[in-house]
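Visitor: I am new to this structure. Could you show me around?

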Amino acid sequence: ADELLEELAPSRLRGLCSKYVSLFMERYDLTIAGTVATDTAPIGQTLAQERAEAGALCSDAALGADFSALVGEGGAGARLFGGAQFHRLLREFELGVRSLPSVLVTDEQLSNALGVDAQHDALCYGRAVCQAAMSHSLSQHHELLTRLASRVEHVVARMLLHAAATADEGISAAAGAGALRATARRSRMISETIGGFLRRPVEEAFSSLLRESLRECMQACYTDIRSVVAPRGGASEVSTLWPIFASPANDVTEDGEVASWAVGGWVGSGESAVDALVTRLVGAWRRQFALAVKRKVRYFLISLAERLPTHLLRSLHTMCDEPTSTSSLDVASARAALLEHKAGLETEHARATQLLDRFYSLRGQLEEGSRADRPAEALAAGRG
């Protein structure tokens, strides 16, 4: 108990917190970069397991052979974790954007969009169709982003399973090494106690920063949607859509590439030219949108890894210095429990000492009685 109390001293605990965060970040970085030194069975997930727990980004039919081509053979059935699982998620998101269906723009919607004076103006008609089609498509994007946020949080949170487990092993060795005179059993008790205190607050601090960073990332993605859904003739609308139409001929957003991002069917029959224009616009925007979201989500993962060490250290050190301000790392309660345990051991030791003293007293009395009886026995034997 004294050794455990010494390990829970604020100065010692702050050092162990810094060591734990260092070990955690080392393993967390390896989890993202990739490692072959881990059994994936306990922490890896197949795509079916991941979709069952956190939701799907596209239909099963949209996966098919296209997903194998994007991720590689066995990508959906492999048990992945960390960076590999994150990569697979972004590939599924891309397929989810590609597989979004077209939404028919009705004549009623067009009439209301055209207003009073532009019912027979071809330019205004085409523009209104594009605006209505983009509005429908962006509503689909908004829903897809919501599901993506849930999946990203699920995948990144599972990185804790690998990073925290290996950090627990490292901090156990560090804490146990500090008890030079401790037996193996007491050393193990110290390491388990310290590891148990540190893992929960680290997980809570990690989760809070994860949610905050992911919210910032999703807000940036939603801004891209709001920039397109602007009042007709607004500057943001022109600045967003003009690069799509003005892309050079050798750009990857040529008609052949754009066709894989959107299908026709946005306007009724007899308007094939307008439908082709709308399909090209929606396809180009979807591709631009998917690339922008993937960049932002990748940056979110990098930014999280950069902010995480400082956030974890600040949270843990605050818990060490002000244990009464949090319930996550209740060092005061731990010390009180250990002191109570120590008092119980001292009481038990005192009782054991009293029993030993009584035992020695009785043994001494018996020995004295035995020595007193020996001369009388010898005298009786001499007389005989």
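Visitor: Is Ser213 buried or exposed?
Guide: This is a predicted model, where local features need pLDDT of at least 70, side-chain atom pairs count only at pLDDT 80 or more, and totals for chains, interfaces and linings use all residues. Residues are numbered from 1 along each chain as its sequence is written, and side-chain values use heavy atoms, with hydrogens and water left out. Buried means under 20% relative accessible area, exposed over 50%, and partly exposed in between, with a 1.4 Å probe and protein chains only. At 5% relative accessibility, Ser213 is therefore buried.

Visitor: Which residues does Ser213 touch, not counting residues up to four places away in sequence?
Guide: Ser213 sits in helix H8, residues 184–228. Contact means heavy atoms within 4.5 Å. By that rule the partners of Ser213 are Phe300, Leu304 and Arg307.

Visitor: How many helices are there in the protein chain?
Guide: Helices (H or I, at least four residues) and strands (E, at least two) are DSSP runs, numbered from the N terminus. The elements run α-α-α-α-α-α-α-α-α-α-α-α. There are 0 strands, and the count of helices is 12.

Visitor: What share of the residues in the protein chain is buried?
Guide: The protein chain has 384 residues. The buried share of them is 40%.

Visitor: What is the relative accessibility of Leu301?
Guide: Leu301 belongs to helix H11, residues 272–321. Leaving aside neighbours within four places in sequence, Leu301 is in contact with Tyr28, Ile32, Phe86, Val156 and Met159. Leu301 counts as buried, because its relative accessibility is 9%.

Visitor: How far apart are the C-alpha atoms of Leu301 and Phe86?
Guide: Along the chain, Leu301 and Phe86 are 215 residues apart. Phe86 is also one of the contacts of Leu301. Their C-alpha atoms are separated by 9.4 Å.

Visitor: What span should helix H5 have?
Guide: H5 covers residues 82–98, which makes 17 residues. The expected span is 1.5 Å times one less than the number of residues.

Visitor: How many residues of H5 are buried?
Guide: H5 is largely enclosed by the rest of the structure. That follows from its buried residues: of 17, the number is 13.

Visitor: At what angle do H3 and H5 pack?
Guide: Axes are lines fitted to C-alpha atoms, for helices over the stretch in contact, and angles run from 0 to 180 degrees between N-to-C directions. The axes of H3 (residues 47–54) and H5 are 12 Å apart, and the angle is about 75 degrees.

Visitor: Which residues of H5 meet H3?
Guide: On the H3 side are Leu47, Glu50 and Arg51. On the H5 side are Gln85, Arg88, Leu89 and Glu92.

Visitor: Where is Gly265?
Guide: Gly265 is partly exposed, with a relative accessible area of 32%. Its contacts, leaving aside neighbours within four places in sequence, are Ser102, Val103, Leu104 and Asp275. Gly265 lies in the loop between helix H10 (255–258) and H11.

Visitor: What separates the C-alpha atoms of Gly265 and Leu104?
Guide: Gly265 and Leu104 are 161 residues apart along the chain. The separation of their C-alpha atoms is 6.2 Å.
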